[in-house]
Structures are given as C-alpha cells and as structure tokens.
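Here are my notes on this model.

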Amino acid sequence: MNRTRTRRLRLFGFVAVVAIVLTVTWPGHRTAPAAGTTPREHLLLYCAAGIRDPIQSIIADYAKEYGVTVDVQYGGSGTLLSNLQVARRGDLYLAADAKHMEEASTRGLVHETIPLASQHLVLAVKRGNPAGVHTLTDLVRPGLRVAYANPEVAAAGKAIRAVLEKANLWEQAHAQAAVFKPTVNDVLNDVVLGAVDVGVVWDPLLAGQPLLEAVKLPELTARRDQIRLGLLDSSTHPTQALHFARFVSARDRGLTTFTRFGYQVESGDRWEDHPALTLYSGGVNRVAIQETLRDFERREGCTVRVNYNGCGILLSQMKALPDGDAFPDAYLACDVSFLDPIADRFGERTLLSQTEVIILVPSANPHGIKRLNDLAQPGLRVGLCNAEQSTLGALTQRILTKLDLVAAIEPNVRSRTPTGDLLVTQLDTGSLDAVVVYRANATAVLDRHTALGINLPEARAVQPYAVAKQAQHAQLANRLLAALDGVSSRKRYLAAGFTQPTP
Amino acid sequence: MLRISKLTVEAGTFSLRDINLHVPQGSYAILMGATGLGKTTLLEAICGLRRLTHGTIQLDGRAVEALPARERGIGYVPQDLALFTTMTVAENIGFALHIRHVPASEEQARVQELANLLGISQLLERMPAALSGGEKQRVALGRALAAKPRVLLLDEPFSALDDQTREDMYALMRAVRHATGATVLHVTHSRSEAQALGDHRLVLDQGRIVEQTPQVPATAPTSST
Amino acid sequence: MIPRWPNRDTWFLIALGGALGFYVLLILAMLVVDAAYTRFDVIWRAVHDPDILFAVKLSVFSCTISALLSVLVAVPIGYLMSRMRFPGRTLIDVCLDIPIVLPPLVIGLSLLILFQTSAGRALESWFQALTGSRITYEVPAVILAQFMVACAFAVRTMRATFDQTNPRAEQVALTLGCTRAQAFRLVALPEAWKGVITAGTLAWARALGEFGPILVFAGATRQRTEVLSTTVFLELSVGRLDTAVAVSLLMILIAVLVLVLVRRWGALGEGAR
C-alpha cells in the first residue's frame, strides 16, 4: 500500500541520516602525530665502540620490525662527542658511561637521555691467565705489557684511570703502559693477538671470546658505569629518533638483547609503538602544563592521558584501583599533603613547582584589605575553599588556625567551594569582596584584581611529581618530568602563577 | 456452534464457576446479566485471552480451550472497540488477512466486500479518529468478520449509540447474520436489544448461567418482557 | 453569547499564563545573560579550536549511540513492565529507578570499580578482542556512562507510554491471528510511536548533559574522551569562564537543533497518517 511505502521511506531516511551522522563523527584512532613530514628511513647513531655487538643486533631487529635503517658511527665515547659537536648532524648518541653523557648534556648537545644498562671493567687475559695477573697492583708489575683504552677518548680509559688514581697507581701505570688504544675493542684485539698480556676492557666484551678469560677485581666490579642513550639536539626527526630510542630501551625489545650479550640492564618500559602514558594531575596544574604535555606527545610520538581533577577525588580514584594498566604512571599532585597518603605506591618525588596562597581582592579594594586580619571586618563577604575537598581549603584552614582567625572570619564566609577557580569566578561577578586562593588561580584576572601575599611559610602549596612503582612506562614518565622541568615549561609555569619550589 | 462445559475462571475480584452453555450453529444468542458480573470475563475466556482454571470450550465440535487465541477462529468486538488507531479503516478490516499473508488483491476484495455489506465503503481511507460512533462500530465489526470466524463475540456493542443509530445497527446485524451465517454471542443489558436480535437468551447471575431459553426472534412487538 | 470580560475564567487563564511566562522568561533570561557574558571572538575561537571541535563530534556521536541503545533497551522493558505481571515485579520496578535516584558520580565510580573486578576485566578483554578498543578511559566508557543514566529516563517514558495505550487493541490483534510478537510489532509499537520519539530525544538530551560519570569512568582527555559537558567543567575549573560559557551556548544550540529536527521528523509521521 502507498502508506506503508511512505512509512518505509521515512524510516529508511531516518536510518540513513543517523548512519551518516555516526560516520562523520566517528572518533577514529589518533595516528601518531608526525613530527616533520614523512618518516625518514635513516637515522644516524653515534655509538661507543664497545657496545657494537648488542647494538648491531638491535638495529637489525628494528629494521625488521619497522623498516627503518639506523646508520652507525662507532668510536670511543669521547671521540664521538667531539665528532658530533663538530658535525652538528645525527640523531642519537650512545655513550659507554654516564660521565660522557653528562658532558654532552652540559655542552647542550643532548636532550633526553635514557639509561640502558651498566657494565664494569675487567682484566682481559689469555685463557689460563699465563701472565698470572690477580690484583690491581699487578698492573704495574715491571715487564707486564698492559693495554688501556685512551682516557681522553674512551669511557673505559676514563674509568680505569679513575680507579688507578684512587689507588695512587695511575702515574706508574701511565708510564709503564704498553699502549693506549682509541677504543676498547682495539684493546681487546691486542690481547687476542698476543701483542699485550693484559687489556682493561668492559666485562660484556669477553662474552664471545673463547680464547680469553676475565679477571675480576673488587676495585673494578665495585664501580659500575651506566650506558646511556641520548637524543641529539641536532636531530631533524626527533620523534623518529625517540621511537628507536624507546625500542632500544624497551624491556621486551632492546634490553633483552643487552641481557643476552651479558650486560646488566636497567628496568625498561614495556615496548609500545605508540605508548599511552596515564598522568593524574591536580586541576590547578592544568593551565601551566597543558602546552608542555602537548609538545611532549608530539615529540615522543606518544599519548598522554591526563586526568585532571581535585586531588581529593584523584586520591580516592587511585585508592580504588589495583596496580595494573588503569593505575596512573605518574601523579602530579596539588600539594605534597595529597601525595603522602598514597606515597607507598609511588617512587621518589620531585618537587616541581609551588604556588602561593594569596588574598584576592578587586583592584579598587574599597574595604582597604591588606592582611588576613582584615577579613574579619564586619559585613565583609568572604570566600574560602572547602577544607576537606581541596588542598587549598586545607592550607587556608591551617593558616587561619595558626593566626587564630577561624572564629573571627567565620561569620563573613559567604561561600565555600571545592576549588579556587570557582571563588575567583564569584569574586569576578561581584558577589564576594575577598577570596583566599592560589596565585595560580588568579593569573587570568590580575588586570582587574589585586593579589595580596600572605607572609607565612604555610601559605604555599608545593606540587610534587612522582612515578608509580609499578608503572609500565616509568622511563617515559621520567622523561615527562624532565620536560616539565625544562626551560619552556618553566616559562609557562611562571606565566601561570607558579614559581620554583623554595627549600 | 459454541459449546461450553464446566468452565471455571478465577478473575481476582470474582470468579466464574461451572459455566455451561450451548449456542447452536448459526444462531444468535444474547447474554444478559447485571454489569460487573463477569460477562466480559467470559468472552475473554472464550477468546483465549484469559486462562481457564477448568472446563472445555468447543467450537464446531473442535476443542479449543488449549489453543492460543490466534488459532481459535473467533471474531471479537470488545466494548471499547479498540480499533487500531494508527491504521486506516481498510487496514483495520484487512488486518486478519494481512497477518495470514493473503495476497493484496484478495485482501482488498474481501475488505471491499465487507465494506459494502456494512455500508462504509466511502470511509476506507479514513483514520479511526475521524469516525463517528456508529461508523467505528461498523469498522470493528468488519475487522472481526474479515477472516470468516466461526463464532462472533460482541461485548455491549451498541450501548453508546443513540436510538436511531441503534435501530440501524439492528438491521445491519440481521443483514450480517444472513450474509455470513455466523454463530453470534452478543452481550447486552438492554432487553429491547435482546428482543430485537436474539433467538436465544442466556442470563449470567452470580457466576452461573441461570437461564437458557430459546426465544422467538422479535420481528413484531410481542407482549412478553 | 460571549461571556462578559473580565470574568472568573479570565483570572484562571492569567494564572496559567503567569506560570508559563515565569518559567520561560527564566530560561530565556539565562540564555541572554550567558550570551552577553561571553564575547563573539571567544565563541569564534572556541568553534575553531580543534579540541572543542573534537568534543562536539564526540558528543554528537556518543549521545546518538547512547540514545539509540537506550531506546532499544527501554522499549521492550517498558512493554514488559506495563503489560505483564510476574513475581518480583515491584522489586524490579524499584531497581529500574535506581540510576535516576543515584548521584551520577556514584554511577561513574561504580562502573570504574566494576571494570576492575576479574569479571569486569574479562569483559574488557573480550571487548578488546572484538573491537580493538578498551573500555575504561576510552570512548566506549563515555557511551556506557551516558547510557546508564539516559536509559533509565527512556524506560520511565516508555513505561508511561505503554500504560496509556489500550491493551485491548493488542488482545483483539491476538484473536485476529497475531502472535504476541506480531501484536507488539504491528499494534502496540505503532501506537506508542510518539512515546518512542520522546524517549529517544529525552535520552539524547540527558546523555548530552551528563558529565559526572563520564569524568570518573572515561576521564576527560582531550582528543580522546572529552565531550562538551566535560569541556565546560574543565574550562570552568581553570577559571576560563568566558570559554566555558561559549561552549555552553554551543551545547544549547546543538541540543535545540537536534530536538527540533527530531520532533519535525516525528510530526511528519503524524501528517502521513
């Protein structure tokens, strides 16, 4: 019948419209934001020669999995440093000890650094130890031919020099040394060839040497040097480079290779092509860190899932979550007092920023308010934060209690809100005369309101950053901390009303 | 033919106990009784819309008490008519055929046939909301007759109509009866109605059928009550 | 004869008009003040902000799906509760009203905890295997949170609708040869159609306005699970009142548009009848 046809047509029309709407608004998976245009196929890595074997293997795995080639320049850690400083090109630098990496950092050559593994020195001798070397002092035995890596250009050389200096043997050893080689691999070769009796090398290097034997000395094993991978400032494709860096430092990728080659590895993140980092942050931090987070995401090729909320709510959420994927990787609280209750699930904290508690009044300040006592003026309309719901409220309460003003101000308190921003809004609309908030809450309105400082050590909130003990992306979270502590982030913090924490 | 034996229905506030009645094939039976005593409940039970606690129902010799409503072949016109408000008159009447997947042309023919019989062919494309009381009655009747039911049950069909319309309806019912030869059970509390239409009279009192009298159809006024 | 004016009936009409005028004026006053509080360039900026555009798209998407799901679930439930008697009916009735009575935050928290239990985690992995997406802190969580509340309202509406349709018509349909399912589909549902539209639009509107459970269960991550309601909250929570108001106006616009369009479509149906 005609009517059924019209009815069917209408229904079909509705279904079609709904289908179109849903397709248009479909929230597709966010592809990793590409820094630069097309992903480059080649990366350049400056790698300490002693680490060649594991790195070759990891690069092969990476090429297989992602089709990206990593070109490598091998050399002593120091040599490479000079090279890349001059060349001003390249993406990554792998140093055999932390000292070289720090040097690179100081010279502004390196951005992010990631710890990979550690190693210690051993004495390499022919199998059976025919030269009978057993102690450190044996190294300066007359007639013994010893090869060292050059301390000016190789980490191994620097390390042994430090040990010998401590034992007051360096002058002698230096004078009696048979040869100083540019890389630790060259030292090893000399021992294999028999050109020297002893070589001082890193212990993993002896893993694949059936003709040689390692002599461990307590002075040497006591000192572990950390192998770090750094992202070069000169990299034109930082996201791509970081992708590879994450691969190398992932506990189920690169680090397994390192373990296979006999290194002692650091704890790494789980490998994810596009990792998702979960951060819980107090709402007060939001304006200060938003841009930094976005920059971080773009640079790392990751997603940062931020949950902004009052710290009280965040605490109860965290308490309800067991360890696992849903528990956040990092927590940036509004104040240390909101990290303490859950500190057992987090590692060491870093105090990132601080914001003062202030009194905010309209610029005209008709009631002539200068100090907290003035808030007790009869007839004044005051706004405070709720002490149970918010850090700000708790701090305010503490301050007022210390000054013994709680009872005096109480009759004037017209509004109690869960956050400082609401108080600012209320002051702005003229329904309050004075409010006690964070300086960070007031930044947007300082053109028409005045912030009065409160001269008390309690009148501040210090924001700590902590990484969860069971975090799946601990390294990433640490790099985020570094980003938040960096120069551009500091500028944003300042603009948002935060300062560096005072001790 | 409709035969009911020992029918018992529990209906909350009251019950029907041990109902026995017999309506011969093709006859027109009137069921009377004060309101609220279960006449509607009885009709519902016959239709299969209420569960029996006990008893049998036979239609044309076939036991139907265990069958679901849709297999009993009964036409039912409830007291409030309950027309399908979202369908046209033609769709209302043709509904039973539509359900049975009768081809459209056949359905249309039958609907036309009934519409002619009931005098509503000019209303076929109207919606029930746009009909008068009498017109609605006719549509409800047509709807019930479409699938040629064995038995037609009418629940106080004419109580809301004015006298003139009612007279028209009596004539109509006689015509329908002639044309279809259906067995009818007609519930009413109006004696004149009973006299005008029925050739059997049943009275329901306190949950039981108390009278079963064949009645001479009144073609002329009689002196009896 | 026209009755003398003013008479007692006039006062009654004035009283009715007064109630209407009072409420409508209040609503309009809110809208006007909102519009006046923000500035055009703020609205313009907001509309071009990629984060807010994403929130708009996600809001429309999630609310539509939540509304469709709610209706899909509410219609059979409403029919069941209206037409049938069964043991425990009153208890179920109370149960169905719980999401309306509970504070939305509680719903969000309960969902979060539910998905951390072993059963919940199994459900989540099954879902992930099926669709490639997790539930908690992702878009499915937004939809689920909205659905929980919106469906309760839809069920109430459908129950009332079916209560008002005549069950006799379905009974007659049964005698005419329908199974219960056919009677539902061909008689009850068409009669209840207006109610279905109302339930759907109510669910959609409720889903749009919901933010508590979304905040707790799905988070308010930009470009991922942020919807307009959480945007307003987030903007407010950093003191950006004018942006919050701009987004609110956007929400109102979208809601009005959708409601008007769906009503028109529903009324088209009436016209064809």
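Predicted model: local features only at pLDDT ≥ 70, side-chain atom pairs only at ≥ 80, totals over all residues.

1. Helix pair in chain A. Two helices meet here: H11(A), residues 286-300, and H18(A), residues 487-495. Their axes come within 7 Å and cross at roughly 155°. Angles over 145 degrees count as roughly antiparallel, so H11(A) is roughly antiparallel to H18(A). The crossing of H11(A) past H18(A) is right-handed.

2. Who makes the helix contact. From H11(A) come Ala288(A), Ile289(A), Glu291(A), Thr292(A) and Asp295(A). H18(A) supplies Ser489(A), Arg492(A) and Tyr493(A).

3. Extent of the interface of chains B and C. On the chain B side, 23 residues are in contact with 18 residues of chain C. About 1,900 Å² is buried between the two chains. Carbon and sulfur atoms give 65% of that area.

4. Main contributors in chain B. Which residues of chain B lose the most area to chain C? They are Arg70(B), Thr86(B) and Ile99(B). Together these three account for 28% of what the chain B side buries.

5. Charge pairing across the interface. The rule finds one salt bridge between chain B and chain C. Arg168(C) forms a salt bridge with Glu44(B). The closest N and O atoms of Arg168(C) and Glu44(B) are 3.0 Å apart.

Note on methods:
Residues numbered from 1 in each chain as written. Chains lettered and ligands numbered in written order. Heavy atoms only, no water. Axes fitted to C-alpha atoms, helices over the stretch in contact; angles between N-to-C directions. Helix = DSSP H or I, 4+ residues; strand = E, 2+ residues; numbered from the N terminus. Parallel < 35°, antiparallel > 145°, perpendicular 65-115°, else oblique. Left-handed = near helix turned anticlockwise from the far one by under 90°. Contact = heavy atoms within 4.5 Å. Buried area = accessible area lost by both parts, 1.4 Å probe. Salt bridge = Lys/Arg side-chain N within 4 Å of Asp/Glu carboxyl O.
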